[in-house]
Structures are given as C-alpha cells and as structure tokens.
Amino acid sequence: KLSLINKVLKAEGDTQTTVFDGKEPIVVITADSQEYDTKTNVMTAIGGVIIHYKELETFSNKAVIRTNKSGDLQRLDLIGAARIKETKNLALADHFVYNSDSEELIAMGHTTSNAVLDDGSKLVLKADYQQFDKKSNTFLGSGSVKIWFKDYYAEGPKVTFYPDKKTNKPNEIYFTGRSSISQDVKTIYADKIKMILKPKNFFAEGNT
C-alpha cells in the first residue's frame, strides 16, 4: 500500500527489503510486515524480523531503522526477544539500540552476551544493562552482573571491560561495588575485583 498523501509505503505478508550499494546487496530485511515513511526515513518492520548485514544476523519481534537522506544508517532498534549473532558471538536482550554516530551498542533487559575468544574459550555475561563502545573498544555492564569464564564465576553490581594495549581486544574486567569471585571450592568477596583473561588471573581488594 502506498499513501501518496502521507508518503508512506507499507508491505504485508512475507516481506523483504534489500538495500544495495551499487549492484551489491549490503542489507536484507525480512519480516511479516514492513512500513517505510519517506518523509522521516524511518523503516518499521514487525513480526519475525531478520536482518542480514555483512557478518551480522539479527532477530527480533520488531525493528525500527532510521536513516539519513542519503540512506546511511543512523539508529537501529531491535525490540522484543532480540538477538544479534556475529560469527561465533551471540548477544540476547529485550531491546538493542545501535547508534551509528557514537558507534555504541546498548542492550537492555535480560541481557546475555556469549563470546568465544581466540583460543576457543568461552565467556558468558548476564546483566540488566550492557553497553559496548566500538571507538574505545570498552564494554560496560550493570545490574546483577554475572560472568562465567573457564573455572571462574564472578558477580557484582557493575563491570567494565578494557582492551589489551597490544591486541586492542577486551582483556581486563573490573568489578566495582561489593562483588565476589569463585574458583573451585573457594569464594572471595571484595569491594573491587580485577579479572584478567590472558594470562588468566584475578585480584581482589577492599574488605576482602
């Protein structure tokens, strides 16, 4: 359906939108229904929304894609049972927000991140809120944060990941606020805990 007055295009039933860069398809969106407002450059997709972009694949109940007049992505919202898969990594949340200007990805509500490191080891992080800053390659998590890594299990109110200075990959994890870390049969409580992924180690300080 095309509204000539409102400049809104709506498609229903097994819909697919393809965005091209020249002759090369760069984004493919499938959903039960899609609506595009040509005045605001906002695309709203509803029902089993799947988006393919390079190595990224996303799924959600609803997606809102905002672009500028040139068609470049400004903001992407994935809403409801949302997940983002990139090669071996998988993230789950009630709501994802990606802002292209700040290059920040925010996850809200029942968030889970499953990451596979270069050596094949797995890291799982659960929290109420997660934020990834691509420019600085730093990561924030807050609200009932839980981390599983090899034989470590750690939890606390807030966590920050910092990249290694040489590899620029996340390697140091800092828990702030009353936190704990468990390994085998021992558990240590502290005000601050620092976890290092490679070489694997941890430090605890403050009322330990």
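## Surface patch, ring pairs and salt bridges

Leu-2, Leu-4 and Leu-9 make up a nonpolar surface patch, with about 340 Å² of accessible area together. A patch takes residues with over 30% relative accessible area and no salt bridge; like charges are joined within 9 Å, nonpolar side chains (Val, Leu, Ile, Met, Phe, Trp, Tyr) within 5 Å. Areas come from the Shrake-Rupley method with a 1.4 Å probe, and for residues only the protein chains shown count as cover.

This is a predicted model: local features need pLDDT of at least 70, side-chain atom pairs count only at pLDDT 80 or more, and totals for chains, interfaces and linings use all residues. Residues are numbered from 1 along each chain as its sequence is written, and side-chain values use heavy atoms, with hydrogens and water left out.

Leu-4 sits in the loop between strand S1 (2-3) and strand S2 (8-21). Strands (E, at least two residues) and helices (H or I, at least four) are DSSP runs, numbered from the N terminus. Leu-4 counts as exposed, at 66% relative accessibility. The classes are buried (under 20% relative accessible area), exposed (over 50%) and partly exposed (in between), with a 1.4 Å probe and protein chains only.

**Aromatic pairs**

The structure holds 4 aromatic pairs. Rings of Phe, Tyr and Trp (its six-membered ring) pair if their centres lie within 6.5 Å; planes under 30 degrees apart are stacked, over 60 edge-to-face, and the rest tilted. One of the pairs is Tyr-152 with Phe-202, edge-to-face at 5.5 Å centre to centre and 85 degrees between the planes. Tyr-152 lies in strand S11 (residues 152-163) and Phe-202 in strand S14 (residues 201-205), so this pair ties together parts 50 residues apart in sequence. Both Tyr-152 and Phe-202 are buried.

Tyr-162 and Tyr-174 also pair edge-to-face, with ring centres 5.6 Å apart and planes at 75 degrees. Tyr-162 is in strand S11 and Tyr-174 in strand S12 (residues 170-183), so the pair joins parts 12 residues apart in sequence. Tyr-162 is partly exposed at 39%. Tyr-174 is partly exposed at 28%.

**Salt bridges**

The structure holds 7 salt bridges. Each needs a side-chain nitrogen of Lys or Arg within 4 Å of a carboxyl oxygen of Asp or Glu. The table lists some of them.

| Pair | N to O distance |
|---|---|
| Lys-10 and Glu-12 | 3.6 Å |
| Lys-150 and Asp-119 | 3.9 Å |
| Asp-191 and Arg-178 | 3.0 Å |

Asp-191 is partly exposed at 28% relative accessibility. Arg-178 is partly exposed at 45%. Elsewhere, Lys-10 is partly exposed at 31%, whereas Glu-12 is exposed at 52%. Asp-119 is exposed at 51%.

**Arg-66**

Arg-66, Arg-75 and Asp-77 are linked in a salt-bridge network. Arg-66 belongs to strand S5 (residues 56-67) and is partly exposed, at 33% relative accessible area. Leaving aside neighbours within four places in sequence, Arg-66 contacts Asn-41, Val-42, Asp-72, Leu-73, Gln-74, Arg-75 and Asp-77. Contact means heavy atoms within 4.5 Å. His-110 is 44 residues from Arg-66 along the chain, and their C-alpha atoms are separated by 25 Å.
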